[in-house]
Amino acid sequence: MTARILKIQGHVQGVGFRYWTYRTARLMKLKGMVANERDGSVMVFVEGPDPVVADFIREMEKGCPGSLVRSVEVRTVPVRNLPDFEIG
C-alpha cells in the first residue's frame, strides 16, 4: 500500500477534471480525495497498491477530455487508510 499527493497544473479547472478523477479512482478501487486549489491547480490524495497508483498517476498525466495537463508533481506521504474516494 502506498499514498501520494499529486498537484496537477494546467487547464484542469472548469473541465470536469475532479469528476473524471473521481470516476477513474473509483474504477481502479483507490481511496483518497480530489479538490480544486486556489491557484488553479487540482490536488489529489490517492492511496492503494503501488502498481495501481502508478497507473492512476499515468492517467492523471494524460488528463480528461477538454483538459490540458502541463505538470504533475508527486509526493509520497503516509497512508491514511481512508474508507473511500471523495470529491472535495
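The open sheet consists of five strands in the order S4-S1-S3-S2-S5, with mixed pairing; strands pair where DSSP finds at least two bridges between them. Helices (H or I, at least four residues) and strands (E, at least two) are DSSP runs, numbered from the N terminus. The model is predicted: local features need pLDDT of at least 70 and side-chain atom pairs pLDDT 80 or more, while totals for chains, interfaces and linings use all residues. Residues are numbered from 1 along each chain as its sequence is written, and side-chain values use heavy atoms, without hydrogens and water.

- Strand S4 (68-77) and strand S5 (85-87) are the edge strands, each pairing on one side only.
- From one strand to the next, the twist averages 15 degrees.
- Strands S1 (residues 2-11) and S3 (residues 42-48) run antiparallel and are joined by seven bridges.
- Lys7 has Met43 in S3 as its bridge partner.

**Helices on the sheet**
- H1 lies across S1, strand S2 (31-36), S3, S4 and S5, at about 170 degrees to S5; angles run from 0 to 180 degrees between N-to-C directions, and axes are lines fitted to C-alpha atoms, for helices over the stretch in contact.
- H2 packs on the sheet and touches S1, S3 and S4, its direction making about 5 degrees with that of S1; contact means heavy atoms within 4.5 Å.

**Helix pair**
- The axes of H1 (residues 17-27) and H2 (residues 50-62) come within 11 Å and cross at roughly 155 degrees.
- H1 is therefore roughly antiparallel to H2 (angles over 145 degrees).
- Phe17, Trp20, Thr21, Thr24 and Ala25 of H1 meet Phe56, Glu59 and Met60 of H2 in the contact.

Methods: Angles under 35 degrees count as roughly parallel, over 145 as roughly antiparallel, 65 to 115 as roughly perpendicular and the rest as oblique.
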